[in-house]
Amino acid sequence: MHSVHFTAEIWSNGVVERDFTVGEVPGVLFSPTSDCDHMPLVLMAHGGGQHKRAPGIVVRARHFVTTGGFTVAAIDAPGHGDRPRTAEFEQRIAVLQQALKAGEPIGSIIAGVHTYLAERAVPEWTTTLDALQGLPQIGPEGPVGFWGIMQGTGIGVPLTAAEPRITAAVFGCLGPESLAEAAARISVPIEFLLQWDDELVDRESGLALFDAFASKDKTLHANAGGHFQVPRFEVDSASRFFTRNLSPGRSATRM
């Protein structure tokens with residue numbers, strides 16, 4: 001079994017950021033500076049072309065730590081950040097870029113890229129979670145959530161469907177291509193983000209993915225704006241969502 005190997009750390013404004021590796025997968029763990037045992041853990045996946053320390057990841061992770069008392073883990077997806085790209089991945093990205101330039105439909109191309117990534121990333125996330133739960137501050141019994149939109153949803157939906165330790169998830173900004181079957185196996189609480197004027201993901205496609213989740217406790221957040229214009233207040237909403245669903249003794253009732 002792989003263990004967490006910490007390589008560097010930064011302390012700032014109540015948050016400690018620790019770079020780590022689990023096997024060959026690099027990541028970063030965000031925790032309160034005054035952490036304790038068995039803290040709720042949120043797994044956070046970055047978007048396409050980004051990495052574990054992308055600005056949006058860092059902002060959300062630090063917010064979750066300081067407002068919710070969570071520990072947050074992010075890792076580089078295959079071919080992203082500090083990880084090398086394979087020739088196959090390079091070819092898939094080239095096809096996507098050509099389609100975007102030509103104004104052609106990209107739904108099936110993106111789905112293929114995400115399937116390729118998920119086949120590799122899901123086992124990596126599972127191994128990383130195994131290793132993180134070996135740390136005293138997290139432990140094997142602590143609650144686990146997942147946050148990931150766009151490409152993060154492409155990886156996170158099959159991960160959540162396969163991983164019973166994840167008990168709440170935030171997804172969004174993606175359609176059901178290649179994900180509908182996995183979504184139908186997810187029954188944990190879901191918060192789903194949809195950009196009403198998304199230029200990359202058809203509105204009906206996003207609604208179809210939301211509808212595909214088997215969860216009885218699922219909420220749709222539809223906001224005006226394009227694919228990359230998710231409002232900042234959704235960070236607060238996600239933190240409250242995880243507080244409701246990952247905090248010890250949470251109530252299952254809804255108003």
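Predicted model: local features only at pLDDT ≥ 70, side-chain atom pairs only at ≥ 80, totals over all residues.
Nine of them form an open sheet with mixed pairing, and the order across it is S1-S2-S3-S5-S4-S6-S7-S8-S9. Select residues 5-12 for strand S1 and residues 218-223 for strand S9: these two stand at the edges, and because each has a single partner strand, one side of each is left without a neighbour in the sheet. Averaged over the sheet, and with direction ignored, neighbouring strands are turned by 15 degrees against each other. Strands of a sheet pair through backbone hydrogen bonds, in either the parallel or the antiparallel sense.

**The S1-S2 hairpin**

Next, select S1 together with S2. The two strands pair in the antiparallel sense, over seven bridges. Within this pairing, tryptophan 11 stands opposite valine 16 in S2. Then move to the turn of the hairpin, where two residues lie between the strands. Which residue takes a positive phi in the hairpin of S1 and S2? Asparagine 13 does, with a value near 50 degrees.

**The S6-S7 pair**

Now select residues 144-147 for strand S6 and residues 166-172 for strand S7. Here the strands run parallel, and four bridges join them. Centre the view on glycine 145, which stands opposite alanine 168 in S7.

**Helices across the sheet**

H1 lies across S1, S2, S3, S4, S5 and S6, and it runs at about 35 degrees to S3. To locate these strands, select among others residues 25-32 for S3 and residues 71-75 for S5.

**H1 against H7**

Keep both helices selected. Two packed helices are described by the angle between their axes and the distance between the axes. The axes of H1 and H7 come within 10 Å and cross at roughly 50 degrees, which means that H1 is oblique to H7. The crossing of H1 past H7 is right-handed. For the side chains, display Arg60, His63, Phe64, Thr67 and Gly68 in H1, which meet Val235, Asp236, Ala238, Ser239, Phe242 and Thr243 in H7. The contact of H1 with H7 has four nonpolar, five polar and two charged residues.

**H2 against H3**

Hide that pair and select helix H2, residues 87-102, with helix H3. Their axes come within 9 Å and cross at roughly 160 degrees, so H2 is roughly antiparallel to H3. H2 passes H3 in a left-handed crossing. From H2, the contact uses Glu88, Phe89, Arg92, Ile93, Val95, Leu96 and Ala99; from H3, Ile109, Ile110, Gly112, Val113, Tyr116, Leu117 and Arg120. By class, the residues of the contact of H2 with H3 divide into 10 nonpolar, one polar and three charged.

**H3 against H4**

H3 passes H4 in a right-handed crossing. His114, Leu117, Ala118, Ala121, Val122, Trp125 and Thr126 in H3 meet Gln151, Gly154, Ile155, Pro158 and Leu159 in H4. How many charged residues does the contact of H3 with H4 have? It has no charged residues, alongside eight nonpolar and four polar ones.

**An aromatic pair**

Finally, turn to the aromatic rings, of which the structure holds 10 pairs. Select phenylalanine 171 and phenylalanine 213: this pair is stacked, at 5.5 Å centre to centre and with 5 degrees between the planes. The pair links distant parts of the chain, 42 residues apart. Phenylalanine 171 belongs to strand S7, whereas phenylalanine 213 lies in the loop between helix H6 (203-212) and S9.

Terms used: Residues numbered from 1 in each chain as written. Heavy atoms only, no water. Pairing = 2+ DSSP bridges. Axes fitted to C-alpha atoms, helices over the stretch in contact; angles between N-to-C directions. Contact = heavy atoms within 4.5 Å. Parallel < 35°, antiparallel > 145°, perpendicular 65-115°, else oblique. Left-handed = near helix turned anticlockwise from the far one by under 90°. Nonpolar A, V, L, I, M, F, W, Y, C, P; charged D, E, K, R; others polar. Phe/Tyr/Trp six-rings, centres within 6.5 Å; stacked < 30°, edge-to-face > 60°.
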